[in-house]
Amino acid sequence: MKMDTAATVTAAAAVARNPSAETCRTIQVILSSVDRAAPKLAAATPLLHQTLHLDEDDDGDLFIPPLNFAMVDNGIFRSGFPDPANFSFLHTLALRSVLYLCPEPYPEPNMEFLKANGIRLFQFGIESCKEPFVNIPGDTIREALKFVLDVKNHPILIHCKRGKHRTGCVVGCLRKLQRWCLTSVFDEYQRFAAAKARVSDQRFMELFDVSSLKHIPMSFSSSKR
């Protein structure tokens, strides 16, 4: 089944009321006519701050996405660690949940933002390691995926520190569950990890067994026939 050509998330309400405004901040998520046979065309692409035109809302707040922010699928987003400058942007997503993949306590400003907006925090602490001493806990990734698959938690934001390795592994395993080929899974992972891509992460995704998760219903765009 093919998806619509493009979906645009925009925070330009003020501009809509003022057509003469010169700039607005528009984030475009491309869902280029793709079916299951060629999923890599729909792979998420990180949004770089310097490529965005930012505008202010009525309260003068800038809408700035977190590092490595992107839409994964309907109701699922990914990013690096959000800081207070990103809160106004995150508010526009109407999040229900945040899946946090670091072991460190969540910062107090972030907790206050979640509480103020009724957002639930699910923490699955995965230690940050560098090759060759990388130990990715498969059971933890599997449990985290159960929360991602539960549509009652959507919209959900998945994030670690940089949105590269831990987040990349969770999204990569989700893609396997969506029946993406490994080439497409690795291509998306490398798009976010860039020069920091790890062979160990890709090996983990290749060997990850999704059979225990196949009974969980999925309502994502790229899982529909």
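**Close-up views of a predicted model**

**View 1. Leucine 101 and its surroundings.** In this predicted model, leucine 101 is in contact with Phe124, Gly125, Ile126, Ala144, Ile158, His159, Cys160, Arg166, Thr167 and Val170, leaving aside its neighbours within four places in sequence. Leu101 is also one of the residues that touch the most other members of the largest nonpolar core, together with Leu99 and Ile141. That core has 50 residues. Helix α5, residues 166–177, gives the most to this core, with six residues. In soluble globular proteins, nonpolar side chains tend to be buried together.

**View 2. The whole chain.** The protein chain holds seven helices and seven strands. Read from the N terminus on, its elements run β-α-β-β-β-α-β-α-β-α-β-α-α-α. Of the 225 residues in the chain, 47% are buried. Among contacts between residues at least 6 apart in sequence, 67% join residues at least 24 apart.

**View 3. The five-stranded sheet.** Five strands form an open sheet with mixed pairing, in the order β3-β4-β7-β5-β6. Which strands stand at the edges? They are β3 (70–73) and β6 (120–123); each has a single partner strand, so one side of each is left without a neighbour in the sheet. From one strand to the next, the twist averages 25°.

**View 4. Strand β5 beside β6.** Strand β5, residues 97–100, runs parallel to β6, and four bridges join the two. Tyrosine 100 stands opposite glutamine 123 in β6. In a regular strand the side chains alternate between the two faces of the sheet. In β5, Ser97 and Leu99 point one way, while Val98 and Tyr100 point the other way. Are these four residues buried or exposed? All of them are buried.

**View 5. Helices packed on the sheet.** Helix α4, residues 138–149, lies across β4 (76–79), β5, β6 and β7 (156–159). The direction of α4 is at about 155° to β7. Helix α5 also packs on the sheet, where α5 touches β3, β4 and β7. The direction of α5 makes about 150° with that of β4.

View 6. Rolling a probe the size of a water molecule over the atoms shows where empty space is left. The largest cavity holds about 40 Å³ of space. Its lining consists of Pro82, Phe87, Leu90, Leu95, Val98, Tyr106, Asn110, Phe113, Leu114 and Leu157. The elements that give two or more residues to this lining are α2 (87–91) and α3 (108–116). Helix α3 gives the most, with three residues. Val98, one of the lining residues, is also among the buried residues of β5.

**View 7. Helix α7 and what covers it.** Helix α7 spans residues 199–207, and its buried residues are Ser200, Asp201, Gln202, Phe204 and Met205. What covers these buried residues includes α4, α5 and α6. An α-helix has 3.6 residues a turn, so residues three or four places apart point the same way.

**View 8. A cis peptide bond.** Histidine 154 and proline 155 are joined by a cis peptide bond, with omega about -5°. Where is proline 155 placed? Proline 155 is in the loop between α4 and β7.

**View 9. Two residues with positive phi.** Alanine 94 is a residue other than glycine, yet its phi is positive, near 55°. Alanine 94 is found in the loop between α2 and β5. Why does alanine 94 count as exposed? Its relative accessible area is 52%, and exposed means over 50%. Arginine 179 is likewise a residue other than glycine with a positive phi, near 70°. The place of arginine 179 is in the loop between α5 and α6 (182–193). Arginine 179 counts as exposed, at 52% relative accessibility.

How values were computed:
Residues numbered from 1 in each chain as written. Predicted model: local features only at pLDDT ≥ 70, side-chain atom pairs only at ≥ 80, totals over all residues. Heavy atoms only, no water. Core = buried A, V, L, I, M, F, W, Y, C linked by side-chain atoms within 4.5 Å. Buried < 20%, exposed > 50% of the residue type's maximum accessible area, 1.4 Å probe, protein only. Contact = heavy atoms within 4.5 Å. Pairing = 2+ DSSP bridges. Axes fitted to C-alpha atoms, helices over the stretch in contact; angles between N-to-C directions. 1 Å grid on protein atoms, 1.4 Å probe; cavity = no way out; pocket = protein on both sides within 12 Å on 5 of 7 lines; lining within 4 Å. Points joined across faces, edges and corners; volume = space filled by probe spheres on them.
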